[in-house]
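Visitor: I would like to learn how to read aromatic rings in a structure. Please show me with an example.

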Amino acid sequence: MSAAWLYRQGFRLWLATLAGFVPSHHVRLFFYRRFFGMRIGQGSAIHWQCRFFAPEGISIGNNTLIGNNAFLDGRCGLTIGNRVVTAAEVAIYTLQHDIDDPLFAHVGAPVVIEDYVYVGPRVIILPGVHIEEGAVIAAGAVVTKDVAGYTLVGGVPARFIRHRARHMEYIPDFRMPFQ
């Protein structure tokens with residue numbers, strides 16, 4: 001990788017971070033879609049101070065809310081479905097280091113979050129995780145493995161707690177002015 005490419009990518013991420021401080025959902029979404037290549041569905045919102053790696057690798061469905069101070073990593077592909085809600089300070093990674101590799105190589109895989117998932121505050125989701133429809137991730141959990149649909153998981157690492165009611169129909173809608 002050339003130094004020019006690295007500086008260009010760093011500058012682009014810095015601009016995406018600055019866009020997260022704009023106090024308007026509509027303006028932020030305009031920037032994320034038009035300048036950073038994110039695919040964001042109708043009725044969705046990304047609350048302020050969100051940070052990214054490779055925003056062009058991120059796809060967000062319709063009527064989905066991303067909480068403030070989130071970190072979204074699109075380097076290996078991040079797909080978030082419809083009517084998903086993430087709380088504040090969620091971190092979703094698609095790439096990490098292999099701690100056993102002598103060269104500390106990068107390893108990663110896409111993260112897929114299906115429809116009607118709720119991700120609690122300060123949750124960390126690691127590369128390659130698939131969260132099925134209707135799952136709930138409790139606050140502070142670290143998700144290292146796939147999560148079955150309509151289950152509640154929590155803890156470090158996240159483990160099954162109980163089942164959730166099925167057949168969700170809600171449409172998340174929480175947009176405060178200047179947030």
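Guide: Start with Y93, which counts as partly exposed because its relative accessibility is 29%. Buried means under 20% relative accessible area, exposed over 50%, and partly exposed in between (1.4 Å probe, protein chains only). This is a predicted model, where local features need pLDDT of at least 70, side-chain atom pairs count only at pLDDT 80 or more, and totals for chains, interfaces and linings use all residues. Residues are numbered from 1 along each chain as its sequence is written, and side-chain values use heavy atoms, with hydrogens and water left out.

Visitor: Is F71 buried or exposed?

Guide: F71 is buried, because its relative accessible area is 11%.

Visitor: How many aromatic pairs does a search of the whole structure find?

Guide: Rings of Phe, Tyr and Trp (its six-membered ring) pair if their centres lie within 6.5 Å; planes under 30 degrees apart count as stacked, over 60 as edge-to-face and the rest as tilted. The search of the whole structure gives eight aromatic pairs. One of them is edge-to-face: F30 and F31 have ring centres 5.9 Å apart and planes at 65 degrees. The rings of F71 and Y93 have centres 5.1 Å apart and planes at 40 degrees, so this pair is tilted.

Visitor: Which parts of the chain does the pair of F71 and Y93 link?

Guide: Distant parts, 22 residues apart: F71 is in strand β6 (residues 71–73), and Y93 is in the loop between β9 (91–92) and β10 (95–97). Strands (E, at least two residues) and helices (H or I, at least four) are DSSP runs, numbered from the N terminus.

Visitor: Which residues form one aromatic cluster?

Guide: F30, F31 and F35 do. F30 is partly exposed at 43% relative accessibility, and F31 is partly exposed at 29%.
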